[in-house]
Amino acid sequence: MQKKRSVVDYSRYGYFFSIPFIVTFLIFTLYPVLYTSIIGFTDMKGLGNTNIHFLTSDPFANFKEVLSSELFRLSLFNTFRIWIYNFIPQLGLALLLTAWFTDNRLQIKAKGFFKVIFYLPNIITMASIAILFRAFFGYPMGPANDLVTRIKGPGTEIKFLQDRDTTRNIVAFIQFWMWYGYTMVQLVSGVIGISPDIFEAAEIDGANRVQTFFFITIPNIRTILLFTLVTSLIGGLNMFDIPKLLMNGGPDNATITASLYIYNQAFSGSYKYNTAAAASMIMFVLIVICSAILFYIMRDKDEAALKKLRKAEKKAMKG
Amino acid sequence: MDKNKVSKSKQPLYLMIPLYIACVVLAILSIVPFWVMIVNATRSTTQIQQHAISFIPGGSIAKNFSILNAKKTFNPVIGFTNSAVISVGVTGLAVYFSSLTAYAITAYDWKLKNAFFSMIMAIMMIPAQVTTIGFYQAVYKVGMTNNRLMLILPAIASPMMVFFMRQYLQASLSMEIVQSGRIDGAGEFRIFNQIVLPIMKPAIATQAIFTFVSSWNSYFMPLVLLTKSEKYTMPIMVSLLNGDIYKTEYGCVYLGLTMTVLPLIIVYLFLSKYIVAGVALGGVKG
């Protein structure tokens with residue numbers, strides 16, 4: 001590149017090599033998103049209806065219908081309720097395990113084995129897990145009720161999946177059970193990335209385990225914690241497989257999530273593609289807000305890294 | 001492990017005992033559901049009705065299998081084949097084109113490069129659910145709802161993976177190698193295929209495992225698009241076990257579930273080292 005006579009402009013290959021991605025993105029992501037938003041302003045409903053016919057009297061009628069719908073509000077409530085009941089214990093347990101697994105003074109044996117086992121549920125098909133737990137909590141004779149009757153005697157069977165809060169908690173538990181291992185592995189790798197000097201200094205200064213964890217470890221994995229929070233939130237907003245296959249949103253709509261609401265609007269009952277599209281766009285706005293937070297976090301991290309680099313350079317120049 | 005040699009007196013029992021108990025309990029919690037499932041797959045429906053928890057296998061696996069076979073709705077062979085075709089296609093396309101796109105961003109200076117990369121960052125979090133209605137309508141209009149290509153082709157644009165591959169390339173690609181390839185007279189496309197792709201092997205392996213698993217397990221998009229039972233993927237096949245005809249056939253449901261879960265567990269035990277390392281990598285990325 002230094003010699004002027006041999007300047008070959010390779011930049012066009014940057015465009016060439018990006019074409020497959022861009023074309024696919026335009027066809028399979030951008031077009032569907034735009035099309036969805038357009039459908040939100042039409043009266044498209046009924047199985048197989050593909051006619052674009054805009055609403056004339058009130059273009060926002062579908063959005064108003066969704067926002068004022070009791071079921072949609074309930075689905076949002078369910079989504080957040082299930083997500084919170086899953087995420088708080090998940091993060092708590094993951095943090096506790098992280099504290100144990102990264103404590104040099106504890107020297108836990110078989111860390112690798114435990115990590116592998118804790119992560120196992122995450123890799124199994126969610127659909128299979130949902131149906132498995134449906135069988136586990138069956139009435140009158142699932143494994144859960146087998147346990148209950150062995151302890152309390154016959155005739156004490158519980159209709160687990162008939163109770164709204166119990167079913168919500170079962171969904172939350174399944175999510176917790178599937179994801180705490182994942183979160184823990186991520187957090188552990190974050191802690192391993194912290195410079196060991198800091199921990200050594202803390203140990204020399206006489207910090208105990210709890211102090212080290214709260215004042216050294218947690219502040220240093222702040223970015224990963226936030227990343228976990230936001231990705232989990234976005235994942236939670238899209239929760240579909242487990243509530244759909246455990247009780248199909250029931251009992252009494254207690255586990256209808258936002259995604260399940262959208263699916264049911266569009267692909268069952270009266271096939272209301274228009275309100276489903278409107279609900280999708282509302283969810284999209286919610287997710288964009290979450291993504292914006294995520295984007296902010298990631299940018300923040302790069303800046304922090306740059307700052308560190310500059311400091312190191314200054315130090316090097318002084319020395 | 002031996003880097004920090006700590007005397008045993010520094011490991012207080014009041015901490016170590018509850019700690020190991022907690023870890024063992026959690027490990028049991030991870031394993032027992034699958035163990036009960038596998039054992040129940042070998043027990044008859046009457047046995048399960050008497051006691052649904054048992055750790056000792058029964059002898060009814062052949063009978064359960066023949067019941068499952070006779071009902072005909074749940075067809076693991078078809079599910080397995082369809083899932084395999086789709087997952088292999090998705091993984092191949094995603095890995096290859098994400099590497100290519102990441103290379104375009106890393107190795108070349110072009111005007112819109114930064115804008116393009118910002119766009120990739122921005123669209124990373126668009127979930128399938130948001131595009132579903134429009135995607136379904138568009139696909140339905142052209143009569144391709146049962147076409148597996150509609151589930152495979154979108155993988156060419158996988159922003160998350162491009163992001164990951166770019167990070168890997170930035171750390172491991174030296175432009176000197178590319179230059180020497182140019183001096184040897186290789187075209188740019190050939191340089192990518194024969195020089196850059198081999199460099200990216202470790203990143204490709206990690207990403208391939210995760211893409212394959214998530215494609216294999218994906219339920220939502222196939223459920224929306226596929227209506228013909230001969231096109232059903234494994235998760236949709238599994239969901240058929242919820243149907244009324246299996247309501248009283250407990251052993252048979254457990255067997256069906258086992259047929260979908262056991263292969264995954266076996267593969268996982270072989271690849272667990274790479275998978276857990278891959279998850280850890282994802283954490284550092286964030």
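Predicted model: local features only at pLDDT ≥ 70, side-chain atom pairs only at ≥ 80, totals over all residues.
Let me begin with the contact between the chains. Chain B contributes 103 residues to this contact and chain A contributes 95 residues, and the area buried between chain B and chain A comes to about 9100 Å², with carbon and sulfur atoms giving 75% of that figure.

The largest nonpolar core has 187 residues, and the members that touch the most other members are L97(A), F101(A), F118(A) and I129(A) from chain A, together with F34(B), Y103(B) and I133(B) from chain B. This core also takes at least three residues from each of domain 1 and domain 2 of chain B. To take one of those members in detail, I133(B), once its neighbours within four places in sequence are set aside, is in contact with a list of chain A residues that includes T36(A), I39(A), I262(A), F267(A), Y273(A) and S280(A).

As for the domains themselves, chain B is divided into domain 1, residues 12–61, and domain 2, residues 72–241, and the centres of these two domains, taken over C-alpha atoms, are separated by 37 Å.

Now to helix α9 of chain B, which spans residues 175–183 and in which V178(B), G181(B) and R182(B) are buried. These residues lie on the same side of α9(B), because the arc they cover around the axis is only 100°. After α9(B) comes G185(B), whose phi is positive and near 90°.

Finally, there is a residue in chain A that I would like to look at, T212(A), which is found in helix α9 of that chain, residues 209–220. Is T212(A) buried or exposed? T212(A) counts as buried because its relative accessibility is 7%, where the cut-off for buried is under 20%. Not counting residues up to four places away in sequence, T212(A) touches R105(A), F199(A), A207(A) and T217(A).

Terms used: Residues numbered from 1 in each chain as written. Chains lettered and ligands numbered in written order. Heavy atoms only, no water. Buried < 20%, exposed > 50% of the residue type's maximum accessible area, 1.4 Å probe, protein only. Helix = DSSP H or I, 4+ residues; strand = E, 2+ residues; numbered from the N terminus. Arc of directions from axis to C-beta. Core = buried A, V, L, I, M, F, W, Y, C linked by side-chain atoms within 4.5 Å. Domains from an automatic or database assignment. Contact = heavy atoms within 4.5 Å. Buried area = accessible area lost by both parts, 1.4 Å probe.
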